[in-house]
Number of protein chains: 2
Amino acid sequence: MIGDEILSGRTQDTNTHYIANYLNQIGVDLCEARVVADDEAEIVAAVNALRHRYHYLFTTGGIGPTHDDITADAVARAFGVEIKEDARALTMLRERFSEAELNPARRRMARIPVGAELVPNALSKAPGFWLGNVIVMAGVPAIMQSMLDTVGQKLEVGARMLVETVQAGAIAEGRYAMRLEEIAHQYVGVSIGSYPSFTSQGMRNQIVLRSRDMDLLEQAAQEVREMILEITNLD
Amino acid sequence: MIGDEILSGRTQDTNTHYIANYLNQIGVDLCEARVVADDEAEIVAAVNALRHRYHYLFTTGGIGPTHDDITADAVARAFGVEIKEDARALTMLRERFSEAELNPARRRMARIPVGAELVPNALSKAPGFWLGNVIVMAGVPAIMQSMLDTVGQKLEVGARMLVETVQAGAIAEGRYAMRLEEIAHQYVGVSIGSYPSFTSQGMRNQIVLRSRDMDLLEQAAQEVREMILEITNLD
């Protein structure tokens with residue numbers, strides 16, 4: 001996520017959550033997320049650190065017409081490629097803007113790093129792009145979501161992560177933590193997390209199990225359910 | 001933010017937004033945010049990268065009683081210090097738990113890196129801690145917020161960032177982008193962002209100006225307001 005508005009507290013970022021859900025559902029694991037400021041050096045450093053490390057890097061924000069929209073330039077610099085007005089992008093902008101409306105600021109949205117594929121923008125036309133393993137999307141959630149839908153179909157995906165959630169209700173984490181750790185050690189192919197939250201009824205806990213192996217997941221979930229049942233029966 | 005639950009899409013992170021707002025209000029700029037997995041090596045790498053780079057580093061999550069709570073160990077490893085059961089932390093846990101309830105899993109929450117100050121937890125007693133410039137807080141929002149309130153009073157703060165927001169309404173960003181850039185260049189001490197959002201009435205834009213200099217901010221905001229008024233009068 002690229003944008004001062006998140007770091008200043010102005011905007012609650014919802015894109016990370018949406019992208020995390022979307023990617024997990026199609027079989028792509030999200031390994032890390034960062035929010036960086038609208039600062040070219042920061043964006044370049046983050047893009048280079050993450051694109052070499054992960055299979056894909058998704059960015060959101062900073063591709064509009066205003067002076068604070070510097071993502072395309074930063075990504076070009078990160079890759080060491082030129083950035084130029086792209087004829088395909090200009091054609092897309094012309095679907096929305098007349099020649100009179102297509103002023104220099106709006107034309108900036110047609111500036112795309114050389115060698116990138118465009119990601120169409122169904123809502124407001126100005127495209128995102130895909131360069132190497134980096135996918136650059138808009139920050140406005142509705143536009144980002146439509147771009148992600150287009151891109152999602154072209155991603156290399158793995159086996160989907162399967163999820164089982166066991167409600168522990170008001171049973172305190174400390175009552176099941178030791179037994180849960182044993183189960184986690186027993187089922188190494190299953191990732192198990194315990195998540196407390198405060199509700200109007202007080203603390204409520206959920207145990208979430210994740211695996212790509214359905215049988216293993218079901219066995220581990222069954223052990224967790226039995227554990228919760230045993231504790232419930234003690235009460 | 002430390003936690004698989006955010007990266008898997010299970011949980012919408014609200015802590016970043018809360019912390020961003022809180023810090024900005026007391027005069028601490030948030031420069032970067034990261035979400036990392038419940039993986040010791042990942043946490044160690046992120047803590048070491050960020051604590052050397054910034055004045056403070058705040059973490060949330062991973063300090064409960066279950067096996068996936070590994071933040072305290074990871075922070076100790078990042079600093080190269082031992083982690084031990086802390087007598088002060090144990091006293092805090094005893095406010096909530098009887099000796100019978102204080103099983104090994106719950107006692108884990110008293111394991112604190114050597115040399116750390118404790119951050120009290122008004123809600124569920126298990127403390128966070130403050131080691132060097134790293135402040136380790138719970139992930140449950142209500143607990144994190146109460147910890148941040150305690151910590152906030154002890155932070156070294158700078159002049160508060162002042163904010164002015166100018167509503168551009170339905171005026172397209174592309175219509176004011178060039179003039180806004182001139183204003184941004186003219187007022188170098190003011191950071192100016194333009195933020196589109198989709199509403200039920202269509203696209204709406206806001207221009208946000210931020211500065212520590214109230215007079216400069218007011219002058220720049222006045223120019224932005226006049227710019228918007230001029231465009232409105234053209235319509």
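Biologist: This is a predicted model. How many residues of chain A are in contact with chain B?
Modeller: 52 residues of chain A are in contact with 52 residues of chain B. Contact here is a matter of distance: the C-beta atoms, placed from the backbone, must lie within 7 Å.

Biologist: What makes the two copies related as by a two-fold rotation axis?
Modeller: Superpose chain A on chain B. The rotation is 180°, the shift along its axis is 0.0 Å, and the RMSD is 0.0 Å. The two copies are therefore related as by a two-fold rotation axis.

Biologist: Which residue of chain A has the C-alpha nearest the axis?
Modeller: Arg34(A), at 2.1 Å from the axis.

Biologist: How do you know that the same surface serves both copies?
Modeller: Compare the contact residues. 100% of those in chain A recur in chain B.

Biologist: Now take chain A alone. What domains does the assignment give?
Modeller: Domain 1 covers 4-152, and domain 2 covers 162-234. Their centres, taken over C-alpha atoms, are separated by 38 Å.

Biologist: In what order do the strands of the open sheet in chain A run?
Modeller: The order is S2-S7-S6-S5, four strands with mixed pairing. Strand S2 (57-60) and strand S5 (117-121) of chain A are the edge strands, since each pairs on one side only. From one strand to the next, the twist averages 20°.

Biologist: How do you know that S5(A) and S6(A) pair?
Modeller: Four bridges link S5(A) to S6(A), residues 125-131. The cut-off is at least two bridges, so the two strands count as a pair. The sense is antiparallel. Val119(A) stands opposite Gly128(A) in S6(A).

Biologist: Which strands does helix H7 of chain A lie across?
Modeller: H7(A), residues 141-152, lies across S2, S5, S6 and S7 (134-137) of chain A. The helix runs at about 130° to S5(A).

Biologist: Turn to chain B. Why are S2 and S5 of chain B said to stand at the edges?
Modeller: The open sheet of chain B has the order S2-S7-S6-S5, with mixed pairing. S2 (57-60) and S5 of chain B each have a single partner strand, so one side of each is left without a neighbour in the sheet. Here too the twist averages 20° from one strand to the next.

Biologist: What joins S5(B) to S6(B)?
Modeller: A hairpin, through three residues. Four bridges also join S5(B), residues 117-121, to S6(B), residues 125-131, and the strands run antiparallel. Val119(B) has Gly128(B) as its bridge partner. For Asn121(B), the partner is Lys125(B).

Biologist: Which helices lie across strands of that sheet?
Modeller: H4(B), residues 71-79, is one of them: it lies across S2, S6 and S7 (134-137) of chain B, at about 170° to S7(B). H7(B), residues 141-152, lies across S2, S5, S6 and S7 of chain B, at about 130° to S5(B).

Biologist: How confident is the predictor in chain A?
Modeller: Chain A averages a pLDDT of 96, on a scale from 0 to 100. 100% of the residues score at least 70. For the complex, the predictor gives an ipTM of 0.93 and a pTM of 0.94.

Conventions. Residues numbered from 1 in each chain as written. Chains lettered and ligands numbered in written order. Predicted model: local features only at pLDDT ≥ 70, side-chain atom pairs only at ≥ 80, totals over all residues. Contact = placed C-beta atoms within 7 Å. Domains from an automatic or database assignment. Axes fitted to C-alpha atoms, helices over the stretch in contact; angles between N-to-C directions. Least-squares fit on C-alpha atoms with pLDDT ≥ 70 in both.
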